[in-house]
Amino acid sequence: MEVFVGVDWSEESHDVCVMDVEGRVVASGKVTNDLAGVARLHDLVGRAFADADDEVEPVVSIGIETDRGLLVQALTTGGYRVHAVNPLSVDRYRDRHRVSGAKSDPGDARVLADMVRTDAHQHRLVAGDSEQVEAIKLIARSHQSAIWSRRRLANQVRSALREFHPAALLVFDDLTHGDAIAVLEIAPTPDLGRTLSKAKIASALCRGGRKLHIDKRAQEIYNALRSEQLAQPATVADAYGSIVRSLVKVIAAHNRQIDELEELLTDHFGQHPDADILCSLPGLGVVTGARVLGEFGDDPDRYATTKDRKNYAGTSPLTVASGTRRVVRARHIRNRRLADALHWWAFNAISRSPGARALYDKRRAAGDTHSGALRVVGNRLVGILHGCLRTRTLYDEDLAWAHRQDLAA
């Protein structure tokens, strides 16, 4: 006997609908996001099997709009077949039940139950990844989020400096670098910058972590901070300076946390059995490799074919055809964390792999943009990664690109 369950997930409570194979609702209710709620959900499912033959093994398929969290973990541990359904799919399926545009949480739970009843094969099961790769994914995402947050802060600093302290932008290209942080922390305004001696600048650079060419760098900063520039009134400049000093301190804290997370990520990634395979591919280091591994997961049965992995990665092209019209375009609905990691992987690979470089040059010559060409390279690298993981072999440049005769030098 098989029943189908829809769980409309929310932060504190969840609407549940239990449906039989004929599409009849046999139980429904609301459960809380705690142990009592999980027990209540088990009870709702159990009602569907009240009259079932004891010799028939029960099968429970659940549709839910997320693939992580304590509830999902509890359901998978309980032996249920949990399908992670894209919210966009739920929105489309909702129109099958009503065209009025009405929406409710119990209604969405029923839609999810009906989806896994009729189209479970169209929606992926929650991956059976190892605890080790789950930990890698969490740390990698935290590390990636910290870098993105630091980038936003640096953009705010750059925007502020452009308004009142252009001399700082002449000498600091990277506002997250230790040099910029150390100097701007003690002299965030043009007036304070002009009061710094070369000795004070050199001391600040040492505190920021610089080891080489300290005197030369100090001289460059000294000259730049004393160059003639347009200026804001002193009161306005002081206000901007307070903002810059505050933001710089937050960036410094981000730098420390990013370094700590990177050490932790290196330790976890190095212990995974797939680490050597990933690091053998050109352009994949510890950080990018950990991100790729964490987002793809390590369930050996999750991607049946190379195409499945490429589709999940969002690197494979999307064809839109209707009548005589046919358009091939990039996939925009995808895992943006994985997409970012694959972009940098491809960018690094074209300077380390002759095959990747040749493919990039070929696509650029055909008229692709830089990003478009990198996406093609990334798509090919994902296929190579899939083959290496399937066969448990390290990357081989000649073997990976030998069949691409069109790329031969």
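Visitor: Which strands does helix α1 lie across?
Guide: Helix α1 (residues 35-48) lies across β1, β2, β3 and β4 (59-64), and runs at about 175 degrees to β3. Here contact means heavy atoms within 4.5 Å. Axes are lines fitted to C-alpha atoms, for helices over the stretch in contact, and angles run from 0 to 180 degrees between N-to-C directions. Helices (H or I, at least four residues) and strands (E, at least two) are DSSP runs, numbered from the N terminus.

Visitor: Before we go on, what are the ground rules?
Guide: This is a predicted model, where local features need pLDDT of at least 70, side-chain atom pairs count only at pLDDT 80 or more, and totals for chains, interfaces and linings use all residues. Residues are numbered from 1 along each chain as its sequence is written, and side-chain values use heavy atoms, with hydrogens and water left out.

Visitor: What is the strand order in the open sheet?
Guide: The order is β3-β2-β1-β4-β5, five strands with mixed pairing. Two strands pair if DSSP finds at least two bridges between them. β3 (25-32) and β5 (81-84) are the edges; each has a single partner strand, so one side of each lacks a neighbour in the sheet.

Visitor: In which sense does β1 pair with β2? And with β4?
Guide: β1 (residues 2-8) and β2 (residues 13-19) are antiparallel, over five bridges. Gly-6 sits opposite Cys-17 in β2. β1 and β4 are parallel, over six bridges. There, Glu-2 faces Val-59 in β4.

Visitor: How many residues of β4 are buried?
Guide: Five of its six, so β4 is largely enclosed by the rest of the structure. Buried means under 20% relative accessible area, exposed over 50%, partly exposed in between (1.4 Å probe, protein chains only).

Visitor: Switching to helices. At what angle do α5 and α15 cross?
Guide: Roughly 75 degrees, with the axes of α5 (residues 131-164) and α15 (residues 336-349) coming within 12 Å. The contact involves Arg-141, Gln-144, Ser-145 and Trp-148 of α5, and Arg-336, Arg-337, Asp-340 and Ala-341 of α15.
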